[in-house]
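Let's take a walk through this model together. Keep the picture open as you read.

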Amino acid sequence: MTKLRVKPENDTNMKCREAELQIIDFLAQRPSAGMPAELAGHLVSCSSCSALLKEYSAGFNTLASGRRKVADPTFYDRLTINMQVKTNSHLTTSKPVVRILHLRPLFIAVAASLILGIWLGGRLFNVVQPDSGDENTLSGQQRVALLDAYASDLHLNDDATLALENYLIDFETPGTNDTK
Amino acid sequence: MTDLELMKKVAEGESSAGRQFVDNHQVNIYNVCYSFLQNEQDAEDLAQEVFIEAIRNADKFRGDAKLSTWLYRIAVNRSLNHLRDNRKRRFRRDIDSLIGFNMNSEDEDSGESGPFVNDDYLEQQEQKLIIGKAIQSLPENQRIAFTLNKLEDLSYAEVAGVMKASLSSVESLIHRARVGLQTRLKKYYLK
């Protein structure tokens, strides 16, 4: 039959882990409140935890040294001056400009890409739509001649087209303009 | 006078009410800012900004929550924004120095550590830095819950009010923050 054996150091580890958490609580909440009896008891028997308390307490105490316990009597007066200064500076400074200057690399990049985009767009547009400038320069006579040439290309005046046109007109329904 | 009445008077611009409001809360608000920023001058400046914001928005206080809870909320948000801005500023400075635009980095970096600074003082500052960095490295929600409950002595219910979270989630956040802090601190001290 095998015997189950619980390691005694496991027990100690658990206690130490809890003690470490309690040390943090104790130091963070500032030792004025007094150390819990359970933690004090553990520290008497555990040298590593008491060493840890010593190590941590220096840092926590220095951290707490910047805290205030009493109100600063000049705080409100400085606050009113500060408010006045802020109100005045809010009226005089134009914030958008400040922000743009603050973000200058980003602003320059956006502006450059915008200019580049417009330039590229312009170039592409020219490629797609070739020059058609001389259309407007045609005189009236040239225009009529061109239209006649176009009509003759389509054979609008030959016999077959005229016969078809007459046929469609003859059989047209008056109401709908459709052929019967 | 109730909080709501006091804030109404502050909104109307009554100077004595403003002074009473600020004097009642300045220590707590300064300490919250200090707990987050861990720098006295920054905490002082930020506490002033918190009160300026509170006074300007005094008419928006409806008395749903306690005045202190409302103020703590402003202080926590302001502190976190300040830390984020600092991080961005540091990042921008790093980029600038990487590209070679930084002209006055020596001026900014020169701190208190002159040649005549006492060794004990330096060690204390280092210890403070370790604890401070360990707290700051916690996830944001855990850091807020831990700071308010452990450093500022707010009850779980008050922390829940400031964070607009449930009691159980605050409990869980604080527990995780303690365990996280323990791991981080041990990692450093047992090196």
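Predicted model: local features only at pLDDT ≥ 70, side-chain atom pairs only at ≥ 80, totals over all residues.

Chain B has a mean pLDDT of 86, with 86% of its residues at 70 or more; pLDDT is the predictor's confidence in each residue, from 0 to 100. Within chain B, helix H8 (residues 156–163) scores highest at 95, while helix H5 (residues 105–109) scores lowest, at a mean of 47. Across residues 105–114 of chain B the pLDDT is below 50, and this stretch has 3 contacts beyond near neighbours in sequence. Two residues are in contact if their C-beta atoms, placed from the backbone, lie within 7 Å.

Residues are numbered from 1 along each chain as its sequence is written, and chains are lettered from A and ligands numbered from 1 in the order in which they are written. For the complex, the predictor gives an ipTM of 0.78 and a pTM of 0.67.

## Chain A

Chain A has 8 helices and 0 strands. (Helices are DSSP runs of H or I with at least four residues, strands are runs of E with at least two, and both are numbered from the N terminus.)

## Where the chains meet

Here 28 residues of chain B are in contact with 27 residues of chain A. H2(B) gives the most to chain B's side, with 8 residues.
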